[in-house]
Amino acid sequence: MSFTIEDMILIAEKRYEMKFLAGKNGWANSISWVHLLEGTTIIQNFWGKELAVTTGLGFPQKEDWMHLARQLNQFHASGLIINVGQYIEEVPKELIAYCDENDLPLLTVPWEVHLSDMIKDFSIHVFLQDNTDEQIASALIKVIETPEKQNEYRKELLQHFDVDGSFQVFLLTCEGLDAMDTVERKKLSYRIQVYLEDITHNASFFYYNSDFVLVANAVPEEFLYQLIEGAIKRGERRMPELKLCVGVGSRCMDISKLSVSYHRAKVAAHMAIVQKKRVIKFDECGLFRLLYMVEDKGILKELEAECLAALEEHDRRYHANYVETLHAYLKHNGSIQAVASEMYTHRNTVLYRIGNIKKILGNELKTPEERLSYHIAFYIREMQGWI
């Protein structure tokens, strides 16, 4: 998944005598482009994932270095390389501490290194990896859309993934993502990828069908959950206005089952947005797992209407709240006191309403079987926007 700081160091440690000083938690940051800069003005035009390189000419004082680091962090840069020896002999300790605290990789190369050669070298690697990532994403979309056509994608993905191994899909989304223009969405994509620390070539990240998709291959499930939690926390810290929701699909074996994990992640992502939760795992969604997998959405609407239409009509006609009362009654397993406490209503009033509800429904609601269809109706109601 993209050319990363780690990839760069493997190339540059000997070739360019590169040293890693700080920001170890950003080790897996992706790089979208490499910029030589001697001032901070251009940083405001960063999209995210840019790697900054400087000789230090434009940063004579310690305060200038700190301002540079804060700007790079604010605009989601992937790291900073300092060409030491001419304009800066020793990197300020305060700069090292800041980069460590904010997971911003800080590296150095000696003055003797030709920066133009190094930048060209890294840029070529970024370009080649971007092309590979696009090819991988296209192949994975084929897997999702036409899982039965294995011959069209299996051989293509074999060089990048363990196609017989485990796969899991995570969908990252937010309100209004599909309404963004391409440039705005691309910028957001870059910034989110900066937050996905510690995952590189056994994963793919791309935009598809109104969500950002993360496909992980042969990665421990516990590690993936920690990764997502970390990405959300980093996102909230760097972009507090972004309310990111994540849907987690089921873990499956073999690339041919990837579409199963994707569709389940889609369900979980929708629930996360509706319920305003950061992360929802499909495997922990209980009865919703069945309801969301029903292909005939019309039958779900019919079931909801059959159960609740009479109460809704009563509420409209008499300005009552019988639907709400029934929901609370079912939720609290028939406890009148619990319903009264939740609705701030006297228990005798609740008893009166429940009695009327039973008459309207023609159902005593005593047994689990008598209540089941109404429970399901309220589950369906929570699936707003899906059916």
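The protein chain holds 14 helices and 13 strands, where helices (H or I, at least four residues) and strands (E, at least two) are DSSP runs numbered from the N terminus. This is a predicted model, in which local features need pLDDT of at least 70 and side-chain atom pairs count only at pLDDT 80 or more, while totals for chains, interfaces and linings use all residues. Residues are numbered from 1 along each chain as its sequence is written, and side-chain values use heavy atoms, with hydrogens and water left out.

As for overall size, the C-alpha atoms of the protein chain fill a box of roughly 90 × 55 × 35 Å along the principal axes. The radius of gyration comes out at 27 Å, whereas a compact globule of 387 residues would sit near 21 Å (taken over C-alpha atoms, with a globule rule of 2.2 Å times the number of residues to the power 0.38).

Two helix pairs come next. The axes of H4 (residues 115-145) and H8 (residues 258-274) come within 7 Å and cross at roughly 85°; axes here are lines fitted to C-alpha atoms, for helices over the stretch in contact, with angles from 0 to 180 degrees between N-to-C directions. H4 and H8 are therefore roughly perpendicular to each other (under 35 degrees is roughly parallel, over 145 roughly antiparallel, 65 to 115 roughly perpendicular, the rest oblique). On the H4 side, the contact (heavy atoms within 4.5 Å) is made by Leu140, Val143 and Ile144, and H8 brings Leu258, Ser259, Tyr262 and His263. That gives 5 nonpolar, 2 polar and no charged residues, with Ala, Val, Leu, Ile, Met, Phe, Trp, Tyr, Cys and Pro counted as nonpolar, Asp, Glu, Lys and Arg as charged, and the others, Gly among them, as polar.

H12 (residues 336-343) and H13 (residues 347-361) have axes that come within 9 Å and cross at roughly 110°, so this pair is roughly perpendicular too. Ile336, Gln337, Val339, Ala340 and Met343 of H12 meet Arg347, Val350, Leu351, Arg353 and Ile354 of H13. By class, this contact has 7 nonpolar, 1 polar and 2 charged residues.

Then there are the pockets. On a 1 Å grid over the protein atoms alone, a pocket is an open set of points where a 1.4 Å probe fits, with protein on both sides within 12 Å along at least five of seven lines, and lining residues have an atom within 4 Å of a point. The largest pocket is lined by 22 residues, with Lys186, Ser189, Phe205, Phe206 and Tyr207 nearest its centre. Its lining has 9 nonpolar, 7 polar and 6 charged residues, and H4, H6 (182-195) and S9 (203-208) each supply at least two of the lining residues.
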